[in-house]
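Here are some friendly notes to read alongside the model. Please keep the viewer open while you go through the points.

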Amino acid sequence: MQTLTAIPLRTWLSLFVLAAAVTVAGCSSGSLTPTESVVEPPPPSPTAVAATAPDTAIPDTPTPLPAATPTPPPTVAPIEPVTIVRASPIGPGPTTPQAYAGTVLTFAVAGLDPLESAAVFYVDPRGRVAGSLSVRADAGGEATWRRESLGDSPGDWSVQLRGENGTRLTIAYRLTELELPLEDVVSEGTSFSLYRTPEGRFFFDPAVPAATAVLIAQNFNDGLSQVQIDLDYQLDGGLDFYLLPDNASLVREAEAGGAEEIAGFEAGLSLYAFPRSGIYLDVSGSPLLGMPHVVAHEVVHQIAARIEANRNAPLWFIEGVADFEGYKAGLARFPEQERQWRRQARNIVRDAVVAGDWIDLTTLGGYEVWQRGGQLERLNLMYSQAFVTVDYVARTYGDHTLRPLLEGLADSPTELDAVFQRLFAMSFAEFQQRVRSSVVELDTYEREIAALIDYARRLFAEEQVTRDIGRRWNGYLTRRLVLPRDERVEAMRRFSEEYRAMDARVQAITPPEKAVDVHDVLRSASAAFVRATDAFVVFEASGDGAAREAGNEALLEANFRFSAAQDLIVKLLEQSGVARGEVFGAFGSP
């Protein structure tokens, strides 16, 4: 059996995207973003059977290694995917933080004013600006952000931070190339560097940093162990990986490996029983922190193809297992991102169930359905349903039921009722109904995010209130000088009452745990609005200049803190994988 699987490349709107698989010819696909940690499921159904190895398994026969020595050198020590870089004196020196090119950098700075906004500029070794962004300090004057260094050249870099209150900070750091025991090889006319481990061989393009190859090797080692346990299969002989710097290179090399009908937007491909089998990855196609998911996903396709041998299980199940194992692999390293990934997948399916658009899984078994694909929205639903279905199986009956279910479906891909009656004592229609019911109900993590979204909506509803008051306040100022004093006092008292009502609403809110710090800022902004209007009431009544100055100072503080609260909640939503439309659809962009 010849198998080609694909991970589609998509805009990183929320996180990273995965999908993949089919037999005989190419299939492009799409997928999503996560949720709670994998918990120990209830005991399996007594009708579940033990896993058995297929009698007709295709032996593991890795592609012959081109122009390479037979004995792999020792594997290098593991490296961390994320390096924390802190502020340091200008210019390189013995204390300059160092990181490997091709890893993720987390910048952490202190010394800003509380809630100060700042512009950040990256300066490369040639002194050129290589990117910029805006950050805002927390209430303690600290700020953190990330940068992937995949495309950054080795050398001495710096970050210049310019705060709105005059704060000036410089972060000097050095990117170095990881030194590896490598071999130079030529395969199908392309020159690669080859890095070997006991588990696999990693051919990477010269434009791919060596540290990226090591991180992917680590992801493979971790993911392989988990997949082998869950699918009760021991991979013999390892796997080959081809690590490419962009999608055009991936398409070129996959075609050189024997693949056809490549869509041209894949982030990765997995070829089995092709002239040059292996896993092909566009390392720019997914964030580095998403790679554990991507790698484990493709490893499943390699192992499932071996288990299936000359059989074909329905593709909805194969795709679901691939994303489920990818989710578990990512969860072990970067849990928050994977929880977000799972939440988005469930959101897509939940919306479909509520709208009556669930796709009957009996129609998603064949290769041709996935090859045709259709609109991206439908592809997302197909992959989301596949994942949610397998996720339900594993959480309800246990991960160990995946292998017997794979065997049963591979043996009888069109006799779904018989397979599900034997394993779970229910018809396939009843099983699908249970999956649909399970996804409609929010789980613990989803409830936490729903509370965060509800809080953000309330914050931005109050922001609309301040905008409305501000418009009327500006109108009042244009005619203030022609109004009698008693009318000025009455007008300011009305503004004060409105801000007091807003403050009462804000103070009464119990924020979700994630937003406690944000709410402290919002409460202080709301209280400052009240202080400002109270002072202006005194000024309008008495002409007291000190009251006017106190009102202006409080008003500046209120606007500053309200703006900071907005920035902080937007950042928190982004970190939690919440799409802007989930919050801002009713209010517009902040």
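Which element gives the most to the lining of the largest cavity? The answer is in point 2, after a word on conventions.

1. Conventions. This is a predicted model, in which local features need pLDDT of at least 70 and side-chain atom pairs count only at pLDDT 80 or more, while totals for chains, interfaces and linings use all residues. Residues are numbered from 1 along each chain as its sequence is written, and side-chain values use heavy atoms, with hydrogens and water left out. Helices (H or I, at least four residues) and strands (E, at least two) are DSSP runs, numbered from the N terminus.

2. The largest cavity. Helix α1 (210-230) gives the most to this lining, with 5 residues. Both α1 and α3 (291-308) supply at least two residues each. The lining consists of P81, T212, L215, I216, Q218, N219, L288, M291, P292, R333 and F334, and the volume is about 80 Å³. A cavity here is a set of points, on a 1 Å grid over the protein atoms alone, where a 1.4 Å probe fits but cannot get out; lining residues have an atom within 4 Å of a point. Grid points are joined across faces, edges and corners, and the volume is the space filled by probe spheres set on the points.

3. By class, the lining of the largest cavity has 7 nonpolar, 3 polar and 1 charged residues. Ala, Val, Leu, Ile, Met, Phe, Trp, Tyr, Cys and Pro count as nonpolar, Asp, Glu, Lys and Arg as charged, and the others, Gly among them, as polar.

4. The second largest cavity. About 40 Å³ of space lies in this one, and its lining is made of V570, L573, E574, V578, A579, R580 and F584. The elements giving two or more residues to it are α14 (545-575) and α15 (580-584). Of these, α14 gives the most, with 3 residues. The classes here are 5 nonpolar, no polar and 2 charged.

5. A helix pair. How do α5 and α7 cross, and at what angle? The axes of α5 (residues 335-355) and α7 (residues 376-397) come within 9 Å and cross at roughly 110 degrees. That makes α5 roughly perpendicular to α7, a label for angles of 65 to 115 degrees. Axes are lines fitted to C-alpha atoms, for helices over the stretch in contact, and angles run from 0 to 180 degrees between N-to-C directions.

6. Who touches whom. On the α5 side the contact is made by W341, R342, A345, R346, I348, V349 and A352, and on the α7 side by N380, L381, S384, Q385, F387, V388, D391 and R395. Contact means heavy atoms within 4.5 Å. These residues divide into 8 nonpolar, 3 polar and 4 charged.

7. The sheet of 5 strands. This open sheet has the order β4-β10-β9-β6-β7, with mixed pairing; two strands pair if DSSP finds at least two bridges between them. At its edges are β4 (98-100) and β7 (129-136), each pairing on one side only. Neighbouring strands are turned by 25 degrees against each other on average, direction ignored.

8. Pairs within that sheet. Strand β10 (residues 168-176) pairs with β4 in the parallel sense over 3 bridges, and Q98 stands opposite R174 in β10. Strand β6 (residues 117-123) and β7 pair in the antiparallel sense over 6 bridges, with V129 in β7 as the bridge partner of V123. Their hairpin has 5 residues between the strands, and G127 takes a positive phi near 85 degrees there.

9. The sheet of 3 strands. Here the order is β3-β5-β8, again an open sheet with mixed pairing. Both β3 (82-86) and β8 (143-148) stand at the edges with a single partner strand, so one side of each is left without a neighbour in the sheet. The twist averages 25 degrees from one strand to the next. Strand β5 (residues 104-109) pairs with β3 in the parallel sense over 5 bridges, and V104 in β5 is the bridge partner of V82.

Definitions and conventions:
Parallel < 35°, antiparallel > 145°, perpendicular 65-115°, else oblique. 1 Å grid on protein atoms, 1.4 Å probe; cavity = no way out; pocket = protein on both sides within 12 Å on 5 of 7 lines; lining within 4 Å.
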